[in-house]
Amino acid sequence: MILAREAIELLGQMARILWFEGAKHGLRDREWMALRFLSRANRFSRTPSALASYVGTTRGTASFIIGELERLGYLERKRSATDKRSVMLSVTQQGKKFLVRDPISVLLEAIAVLDDEAKIRFRDTLRHVLDQADAAEQRHHTDVCKRCIFLREDRTATDSKATAEFSCRLFRAPIAEAEIDLLCTSFEHHRQ
């Protein structure tokens, strides 16, 4: 139990880099979190509701965050082409350039120097801890489509090459191969 407590204390110290007081480079911690998330979210998760879920806040607070990021030119909101009642959020080019200043860069660089096996172990350990916490609290965390129970992959083979087509069974929509590495707030992992 001592090792587990030490690990949690270290995670807490790392969290101070993610959750800080005041503003860094003109953004508050939740605005950074929103910008990061929206830059990696799939099209189903680039909505105000999904953002509120991811950041762990109310829709009203998420709306304030969206407004601030829009005001700064880092985010734009558009009506959904398929459902005119829905709004889709997109990080602008200016927002993508601004992400270079992200305060978590120090953590990214510290992890990037690890060999690939260590990075995979570290990521998988964090996922395991989140999965256990989710099971205890009866909730789901956000993760990438390729690990989701709702992802369907259909493989076809022709004369000289094999292809894969993906779809989301939850949203009943096709997914491009490039999208399976994006974040989704409707993620649900396979139960062992």
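At what angle do H2 and H4 pack, and how far apart are their axes? The views below cover this and other parts of a predicted model, in which local features need pLDDT of at least 70, side-chain atom pairs count only at pLDDT 80 or more, and totals for chains, interfaces and linings use all residues. Residues are numbered from 1 along each chain as its sequence is written, and side-chain values use heavy atoms, with hydrogens and water left out.

**View 1. Packing of H2 with H4.** The two helices (DSSP runs of H or I, at least four residues, numbered from the N terminus) pack at an angle of about 80 degrees, with their axes 10 Å apart. Axes are lines fitted to C-alpha atoms, for helices over the stretch in contact, and angles run from 0 to 180 degrees between N-to-C directions. H2 and H4 are therefore roughly perpendicular to each other (65 to 115 degrees). Arg30, Glu31, Ala34 and Leu35 of H2 meet Thr61, Ile65, Glu68 and Leu69 of H4 (contact: heavy atoms within 4.5 Å). The residues of this contact divide into four nonpolar, one polar and three charged. Here Ala, Val, Leu, Ile, Met, Phe, Trp, Tyr, Cys and Pro count as nonpolar, Asp, Glu, Lys and Arg as charged, and the others, Gly among them, as polar.

**View 2. The largest nonpolar core.** A nonpolar core is a set of buried Ala, Val, Leu, Ile, Met, Phe, Trp, Tyr and Cys residues joined through side-chain atoms within 4.5 Å; buried means under 20% relative accessible area with a 1.4 Å probe, protein chains only. Of its 23 residues, Leu27, Leu35, Leu38, Leu51, Leu69, Leu75 and Leu89 touch the most other members. H2 (29-40), H3 (48-55), H4 (59-71) and strand E4 (87-91) each give two or more residues, and the largest share, six residues, comes from H2.

**View 3. Strands E3 and E4.** Strands are DSSP runs of E, at least two residues, and two strands pair if DSSP finds at least two bridges between them. Five bridges join E3 (residues 75-79) to E4 in antiparallel fashion, with Glu76 opposite Ser90.

View 4. Seven bridges join E6 to E7 (residues 162-168), and Glu153 stands opposite Phe166 in E7.

Note on methods. Buried < 20%, exposed > 50% of the residue type's maximum accessible area, 1.4 Å probe, protein only. Parallel < 35°, antiparallel > 145°, perpendicular 65-115°, else oblique.
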